[in-house]
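Subject: Structure handover

Hello,

Here is the structure we talked about, with my notes below it. Please read the notes with the model open.

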Protein chains: 2
Amino acid sequence: MSAITKLRERLAELADLRAVQTLAGWDQLVMMPPGGAAERGHQIGTLARIAHEHATSPEIGEWLAELDDASCDELDRDIVRLARRDWERARRVPAELAAELSKAHSDGQESWQAARAADDFAAFAPALERNIELARAYGRCLDEEGRGVYQSLVDDFDFGLLTGELRRLFAELGSRLAPLVEEARDRPVPAKPAVPREVQRVAVEGIVRRLGVDAESWRLDTSTHPFSASMARTDQRMTTRYEDGGVESLLSSIHEFGHALYERQIAPELERTNLGTGTSMSVHESQSKLWENHVARHPAFAAVLAAELAAAGYEIDPGELHASMVAVEPSLIRVSADPLTYPLHIVLRFELELALIDGDLAVPDLPAAWRDGMKRLLGLEVPSDALGCLQDVHWSEGAFGYFPSYAMGCLIAAAMWEAIERDLGPQGEDLARGEVEPLKAWLAANVHRYGRRLDTVPLVERATGHGLEVEPFLRYVSPFAAVGS
Amino acid sequence: MSAITKLRERLAELADLRAVQTLAGWDQLVMMPPGGAAERGHQIGTLARIAHEHATSPEIGEWLAELDDASCDELDRDIVRLARRDWERARRVPAELAAELSKAHSDGQESWQAARAADDFAAFAPALERNIELARAYGRCLDEEGRGVYQSLVDDFDFGLLTGELRRLFAELGSRLAPLVEEARDRPVPAKPAVPREVQRVAVEGIVRRLGVDAESWRLDTSTHPFSASMARTDQRMTTRYEDGGVESLLSSIHEFGHALYERQIAPELERTNLGTGTSMSVHESQSKLWENHVARHPAFAAVLAAELAAAGYEIDPGELHASMVAVEPSLIRVSADPLTYPLHIVLRFELELALIDGDLAVPDLPAAWRDGMKRLLGLEVPSDALGCLQDVHWSEGAFGYFPSYAMGCLIAAAMWEAIERDLGPQGEDLARGEVEPLKAWLAANVHRYGRRLDTVPLVERATGHGLEVEPFLRYVSPFAAVGS
C-alpha cells in the first residue's frame, strides 16, 4: 500500500472514532437514562484515548515523510497538509499533560456547578486557577513560533485567526455598539408572545421541514441545552427545548439548523477524511447565526413563522413577531441576549480571558473586573457572581479561546449575508415565501462544500471578497436600536 | 503496574468498546435516520477491528504468563481464567479469515434478503455455501481438542455446552412433544384479542413499570424487531413493537425485560471486567423465556395483564386472555410459534445446521430436508421456501450453532421455574398481585450476579440442582395441548 493509501485509511478510522464519540455524547444528552452517566464517562474516555493514540502514532510521521506533494492530486494535497498540521500539534502535548488537563476539566466542571448554585466564586477560584495554569502549559507546548500562549489556544478552535485581529475587531465592536445600546436604553421593549409549548413544537417541526429537514437524514429531539451533532453527512441530529412563552424554540431550532446544514452540505468526497467537518468554530457559528439572525429575524420571514404558528393554533401579527425578535434589551445573561448586545458579552469574556491567560488579571480580581466590564459595555449592575462571571461553563472546562467564535460568527454571518444579497439579489421576496433553496445552494458552493480545506480567514475572504470586518454586522443591527420607539 | 492491574485496565477498555458497539447498533435500529446506514457500517467496522486488535495483542499473553493464580483473590482468578480463554480463542483466528467471514456475512445477508423477497432459494445457495465453508474453516481454527467443528461454533455462544448433549436433549424433545402436538391438532384455537395499538402501548408501559423498569436506568422504545441492549448495568434499553390486534407486544416486552434484568442484576463488582455480561446465549434466553413463559403466561398473572389492559381502556376476561397466550397451533414461522411447538422449530434447525456443517447435507438439498422435517415434527406442509428455510436471518450471517440456545432457553427456564417454586413456594399468589420482588431476588442470587463467572452447565446445576433435562419443560407445556378443547 502506498503512503497516501495508508494515511487515508488511518484518517478514515479517526473519522469513524470521532463520529462514535459524537454519538456517545449525543445519546448522553438526549436519550441516555441518567443511571448510565458514570459508565458513559468511561466509554467516552476510552474512545478519546484510543483516538489520541491513533492520531499521534509515529507511523503517521513516516507516511507523511514518504509523501511527495507533487505526486498527489489537489484533494490529497489538502488532506496531507491538514494531516501534517494535526499530527504535529497533537504530538506536541505530552500524554501526562493531556491526562492532567482532562482531570482538571472534569474537576473544574464539578466545582463550577456547586459554586454557581451557591453563588460562591471563592469556591470555584482554585479550580479556575488550576485550569489557567494548565492552559498556559498546554499553550506553551503548541507555541512553536512564539506567537503567544493565547494564540495557541485560539488555534485549537479557529486555526489562523490572530489574537491581534480579535483585539482590533472587538475594540471596534465595543466602541461602535456603545452608542447603539445608549440609543436603545429606556425604550419600551415589545411584549414577548406567549406561545404554548405544544404550539411551539408543532410550529418548529413545520418550519424545519420547510427548510429541508427530512426523516431520511435528520432528527430533531429535545435536550436541556439545544445543540446539533453530525454522525455522518446524511445523519444530522438537532435538538431544541420548549419553554412556556416566547419563540426561543423557533430561533434556536433555526440556529441549530444552520450548524447542521453546514455539515450536511460538505462535499461527499470529504467524508471519512480529515477534511469532512466544519473548518472552525467561528465559521460554524457564522452558519447558525446566518440562519438565526438573517433568515429567522428577517422582517419578510416573520410571515412564514407567523403562518406556522397560526397553523399550530396561535395567531400573531408578523410585524409584532418580528419586533419581539429584534428588540434591544441589555441583559446580564449571554445566552438570552438580543442580537445587538450579544457580541458585547463576548467582548467582555475575550478581554478577561486574555488577561487571565497573559497574567494581567488575577483570579480573585475576576468578579470585580466582570462587574466593571458589564457597567462599561452594557451599562448594567451585576447583582451576583451567579449572574456574572459564574454564568458560563466554558472556563470551568478549560475552554479558553473559544468565546471569540461566538462574536466572530455574528460578524462573518453579516458579511456573508451581504455577499449573498450581492450575488443573488435581495432575499426578502424569497424569504416571504419560505423559499431558501437558492440560499442553501449559495452556502453549499461558497462555504459548506470546502469542509476543512480552507481555514477561517481565506474562506471568509473567498466567500465575501473582504477580510474580517465589523461594518456589515453594524449595518445589520443598527436598525434594531430604534425598535420599540 | 502489576500484571493483574494491566490486564484489568485492558479488560475495562474492551468492556467500554463493547458498550459503544452496542450503543452504535441500538442507535442504528432505534434512532438513526436511514441516511446514516452506510457510515454507521464503517463506524461499527472500525470499532470491531480496534476491539479485536486490543483483545488479541501479544502483551495480554505476557501479562497472563506473569500471573500467578496463587496471588490472586477468587474474583481475579475468574477474570484471569476467562481472559486466558478469550485471548487464546481470539488469537486462533487469522486476521484474513476474520475479514473473509465479515465480508461473507455481509454479502450473505444481502443475498438472503433478495432471495427471501423473491422466494428463490437458488439465489441464496452460493452465499450459504460460502458461509458454511468459512464456518468450517473458522471452527477448525478453534477445534484444538478435536471435538468437532460444530462444537467449536456452539462454544462461541454457549461455552461448554456439548453437541452430544444437544443431540440427546433435542431427540427427546422431538419424540416427547410429538404426541402433544397430535393431541392439540384440530382443536379449535381461541380467538386472539383485538387490542388497539394505543391500548397496547399504555398497557406495556404500565406492566414494565410494575416489573421495576424506571426512568433512572431503563428505556423502552420501538423497533422493527424487539430486542434489548445493555450499555451499562444501570443503562438498559428494551424495544418492542405494536401491531394491530393481539397481545404480542405485552409478551415481547416481558421477554425483553427478562434479558435486560439479567444484565441489570449482574454484580456491580463485575462491571468493566470481562465477566460483566450474561454468560451465554442459552442462559440469556432462559431469562427472557422465564419471564415470557412462566410469568407472563402464568394463569395468575393474567389478572395483572388484564388489569393493565383495562386501565388502558380494553376489557378482557383474564381466563380468556391466558387461553389466547398458551393455545397450541402449529405454524410455519418460528417467531410466531406458541410455547409448546416453539422448540420443535429449533430441533429442525439444529438437525439441519449440524448436517450442513458436518457435510451430511448438501446445500441444494436443504429445502427438501426442511419440508420433510416440518412434516415430521409439526405435521405441516411448507408451501414455499420463503415460509420455509429462508425465513430466518441467522445462516445468512454465518451464525451456525446459535439456534440451539433458543430451545435450551425454554428448557432451562422451566427447570429454574421449578427450582424457584421449590425455594420460594408456589408463585401464583404473588403473581396474581403483580409481586415479583422475591422472584427477582432469587434470580439475582442464583443466576444474574455471577455474570460470566459460571458457564451454562455449572450455572444451571447450581441454580436447579439438576443437569440439563427436558422434563420440567414438558411438565410446563403439557397442559397447553388441551387448551381450547
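At roughly what angle do the axes of helix 1 of chain A and helix 1 of chain B cross, and within what distance do they come? Before the answer, one caution: this is a predicted model.

The two helices, residues 3-30 in each chain, cross at roughly 75 degrees, and their axes come within 10 Å. An angle from 65 to 115 degrees counts as roughly perpendicular, so helix 1 of chain A and helix 1 of chain B are described that way. Chain A contributes Val20(A), Leu23(A), Ala24(A), Trp26(A) and Asp27(A) to this contact, and chain B contributes Val20(B), Leu23(B), Ala24(B), Trp26(B) and Asp27(B). By class, the residues of this helix 1 contact are 8 nonpolar, no polar and 2 charged.

Three strands make up an open sheet with mixed pairing, in the order 1-3-2. From one strand to the next, the twist averages 20 degrees.

Trp218(A) has Gln236(A) as its bridge partner in strand 3. Strand 2 (residues 228-232) runs antiparallel to strand 3, with 4 bridges between them. A hairpin of 2 residues connects strand 2 to strand 3. Across this pairing, Ala232(A) is opposite Asp235(A), and Ala229(A) has Arg237(A) as its bridge partner.

How many of the residues of strand 3 (residues 235-240) of chain A are buried? The count is 6 of the 6, so the strand is largely enclosed by the rest of the structure. In a regular strand, side chains alternate between the two faces of the sheet. Here Asp235(A), Arg237(A) and Thr239(A) point one way, while Gln236(A), Met238(A) and Thr240(A) point the other, and all are buried.

Chain A also has a helix pair to look at. Helix 7 (residues 149-157) and helix 14 (residues 342-358) have axes that come within 9 Å and cross at roughly 125 degrees. That angle makes helix 7 oblique to helix 14. On the helix 7 side, Val149(A), Tyr150(A) and Leu153(A) meet Phe350(A), Glu353(A), Leu354(A), Ile357(A) and Asp358(A) of helix 14. The residues of this contact divide into 6 nonpolar, no polar and 2 charged.

Last, one residue of chain A: Asn131(A), in helix 6 (residues 121-142). Is Asn131(A) buried or exposed? Its relative accessibility is 1%, and the cut-off for buried is under 20%, so Asn131(A) counts as buried. Leaving aside residues up to four places away in sequence, Asn131(A) touches Ala104(A), His105(A), Gly108(A), Trp395(A), Ser396(A), Glu397(A), Gly398(A) and Phe400(A). Between Asn131(A) and Gly398(A) there are 5.4 Å in space, C-alpha to C-alpha, although the two are 267 residues apart in sequence.

Regards

Technical notes
Residues are numbered from 1 along each chain as its sequence is written. Chains are lettered from A and ligands numbered from 1 in the order in which they are written. This is a predicted model: local features need pLDDT of at least 70, side-chain atom pairs count only at pLDDT 80 or more; totals for chains, interfaces and linings use all residues. Side-chain values use heavy atoms; hydrogens and water are left out. Buried means under 20% relative accessible area, exposed over 50%, partly exposed in between (1.4 Å probe, protein chains only). Two strands pair if DSSP finds at least two bridges between them. Axes are lines fitted to C-alpha atoms, for helices over the stretch in contact, and angles run from 0 to 180 degrees between N-to-C directions. Angles under 35 degrees count as roughly parallel, over 145 as roughly antiparallel, 65 to 115 as roughly perpendicular and the rest as oblique. Contact means heavy atoms within 4.5 Å. Ala, Val, Leu, Ile, Met, Phe, Trp, Tyr, Cys and Pro count as nonpolar, Asp, Glu, Lys and Arg as charged, and the others, Gly among them, as polar.
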